[in-house]
Amino acid sequence: MEQVADLMGVSRATLFRRLETERINFKQLLDKLRHTMALHYLEGGKTTVNEVAYLVGYSEASSFSQAFKRWTGKAPTKYR
């Protein structure tokens, strides 16, 4: 959250307050962003599941696969 706030040129507290007014927290926002990006990369068909996991911020493909199943109800390999 600190890095995102810095990139936006605001304090961490300001970012927190802005997210609060949108009724979302940073963890939820990050999860939605990862979900959207994962769908984009997988639909493109040019990246492997391991690459997508890395690109959306997961160090382990298994953790990414669990999150993807939570998002879509399907394994990333079945989504394509």
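## The salt bridge

A salt bridge is a side-chain nitrogen of Lys or Arg within 4 Å of a carboxyl oxygen of Asp or Glu. In this predicted model, the count by that rule comes to one. The side chains of Asp-31 and Arg-70 form it, at 3.0 Å from N to O. Asp-31 sits in helix α3 and Arg-70 in helix α5 (residues 61–72), so the pair ties together parts that are 39 residues apart in sequence.

Is Arg-70 buried or exposed? Arg-70 has 54% relative accessibility. The cut-off for exposed is over 50%, so Arg-70 counts as exposed.

## Helix α5

Helix α5 has twelve residues. From its first C-alpha to its last it reaches 16 Å, close to the 16 Å expected at 1.5 Å a residue.

Which residues of α5 are buried? They are Phe-64, Ala-67, Phe-68 and Trp-71. Seen down the axis of α5, these buried residues fall within an arc of 105 degrees, so they line one face of the helix.

## The largest pocket

The largest pocket has a volume of about 180 Å³. Two elements give two or more residues each to its lining: α1 (2–8) and α3 (26–44). The largest share, four residues, comes from α3.

The lining consists of Met-1, Gln-3, Val-4, Leu-7, Phe-26, Leu-29, Leu-30 and Leu-33. By class, seven are nonpolar, one is polar and none is charged.

Key
Residues numbered from 1 in each chain as written. Predicted model: local features only at pLDDT ≥ 70, side-chain atom pairs only at ≥ 80, totals over all residues. Heavy atoms only, no water. 1 Å grid on protein atoms, 1.4 Å probe; cavity = no way out; pocket = protein on both sides within 12 Å on 5 of 7 lines; lining within 4 Å. Points joined across faces, edges and corners; volume = space filled by probe spheres on them. Nonpolar A, V, L, I, M, F, W, Y, C, P; charged D, E, K, R; others polar. Buried < 20%, exposed > 50% of the residue type's maximum accessible area, 1.4 Å probe, protein only. Expected span 1.5 Å × (residues − 1). Arc of directions from axis to C-beta.
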